[in-house]
Amino acid sequence: MASVDLTVMGAGAWGLAVAVACARRGAHVRVIDPHGPAAGASGGIVGALAPHVPEQWNEKKAFQLEALLMAEDYWADIARLSGADPGYARTGRLQPLADAAAVARAEERARGADDLWQGRAEWRVIAAPGGDWTPASPSGRLVHDTLTARLHPRHATLALARALEVLGGEITREGLPEGPVIWATGVAGLDEMSALAGKAAGTGVKGQAALLRPRGFDASDAPQIFADGLHAVPHADGTVGIGSTSERDYDDGAATDAQLDALVARARGLCPALAEAEVVERWAGVRPRTRSRAPMLGPHPFRENAFIANGGFKIGFGLAPLVGEVLADLVLEGTDRIPEGFRPEASL
Ligand SMILES: Cc1cc2nc3c(=O)[nH]c(=O)nc-3n(C[C@H](O)[C@H](O)[C@H](O)COP(=O)(O)OP(=O)(O)OC[C@H]3O[C@@H](n4cnc5c(N)ncnc54)[C@H](O)[C@@H]3O)c2cc1C
């Protein structure tokens, strides 16, 4: 093995996004993961890249907006480099509104989006258009936003891995770390951080998801639907990712069970096109959630010449492009632009 400039532990979306950002700047990067790329939470099938509501602005929402706005160019470039399709498209999102109060709140948020989204995307209240891809909405109105995008998490992670190799990086299941080490080991990394700190720095939150194929309806360019906590995310290949459960207590992070059956049943009631959809895959993974719920980025508090990139929780793919850049700034240039609330100490 050739000598490298830095090492990334973990070949999920965050480790690979950091590795790609560093490799682009000329660093020779080694990624070590005993399970290979996309083995953890990043091997999933949902892929909603959705904004927080445009109100009560804070550094987390601002960071996420910047990440979502850079995503289109970012994933196009990963596709070009890797020759693989991450499945990205900015197809927008529909959300039903329960009653007049919800409509009024959504209209207020539309004004917030006009201010906060810099004219780059819209949040509008529209009349429900009807048809096979319209969710039931008691008010007859829907929120339609044009910022939300989709990608296929597993394909996107494998595309990142390929892009890294094209940039001269190496991915190995075992090997020795050299140079600065970036720990991007997902829920295992949070467990380890908790052990080092002697208190809980974060935990895993299991999620179960399914991939459906609508019968006789092509949803591939349709906006995703977010209704009653349920995401329905149409992918380029015509399948629709459905997610997810949120489980703090679990024995097997990779097992699916009756909770997923219930989710699929709810998804079939979401809109006519999904009523008879076939289940083509069932999947479960464990999201890394820090104690503060914010990402955990920065110098590793317990290790020399080491950094951490963890805590993607439910929006890891939405944040990944900017996480990569911010860590590359810090590790390679010594430029620190990490939001205060994202520092490891915020969860310790
Ligand atoms: C059901 C579900 C639905 C989701 N839906 C969405 C969504 O719609 N949109 C969105 O943006 N996000 C979503 N997420 C969240 C997203 O998947 C995660 O935030 C993201 O994948 C985290 O990436 P990661 O690289 O930090 O962790 P992981 O992908 O878990 O990667 C960590 C890697 O570290 C490796 N590792 C562990 N220990 C070591 C070690 N000691 N040395 C080396 N390597 C090690 C593991 O093998 C693993 O490959 C969802 C997650 C789940 C579970």
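In which segment does R343 lie? R343 lies in the segment after α7 (316–333); helices (H or I, at least four residues) and strands (E, at least two) are DSSP runs, numbered from the N terminus. The model is predicted, so local features need pLDDT of at least 70 and side-chain atom pairs count only at pLDDT 80 or more, while totals for chains, interfaces and linings use all residues. Residues are numbered from 1 along each chain as its sequence is written, and side-chain values use heavy atoms, with hydrogens and water left out.

R343 has a relative accessible area of 18% and is therefore buried, a class that means under 20% relative accessible area, with exposed over 50% and partly exposed in between (1.4 Å probe, protein chains only). The side chain of R343 makes a polar contact with the side chain of E340, at 3.1 Å. A polar contact is a pair of N or O atoms within 3.5 Å; within protein, one must be able to donate a hydrogen and the other to accept it, and residues adjacent in sequence count only if both atoms are side-chain atoms. A polar atom of the R343 side chain also lies 3.1 Å from the backbone oxygen of I338. When residues up to four places away in sequence are not counted, R343 touches L297, D336 and I338, where contact means heavy atoms within 4.5 Å.

The ligand comes next. Of the 31 residues around the ligand, the nearest are D33, S42, A48, F313 and F317; a residue is near a molecule or strand if one of its heavy atoms lies within 4 Å of it. A polar backbone atom of F313 is 2.9 Å from an oxygen atom of the ligand, and a polar backbone atom of K314 is 3.0 Å from a nitrogen atom of the ligand. A backbone N or O atom of G47 lies 3.3 Å from an oxygen atom of the ligand. F313 itself lies in the loop between β16 (306–310) and α7. With a relative accessible area of 16%, F313 is buried, and its phi is near 45°, a positive value in a residue other than glycine.

Two other loops have backbone features to note. R293, in the loop between β14 (278–290) and β15 (296–299), has a phi near 75°, a positive value in a residue other than glycine. R293 is partly exposed, because its relative accessible area is 44%. The peptide bond from G243 to S244 is cis, with omega near -10°, and S244 is found in the loop between β13 (240–243) and α6 (258–268).

F217 has its place in the loop between β10 (202–213) and β11. A relative accessible area of 26% makes F217 partly exposed. F217 and D132 are 85 residues apart along the chain, and their C-alpha atoms are separated by 8.2 Å. Neighbours within four places in sequence aside, F217 is in contact with D132, W133 and A273.

The element β11 also takes part in a pocket. The elements that give two or more residues to the lining of the second largest pocket are β4 (93–96), α3 (100–116) and β11 (224–227). The largest share, four residues, comes from α3. On a 1 Å grid over the protein atoms alone, a pocket is an open set of points with protein on both sides within 12 Å along at least five of seven lines, and lining residues have an atom within 4 Å of a point.
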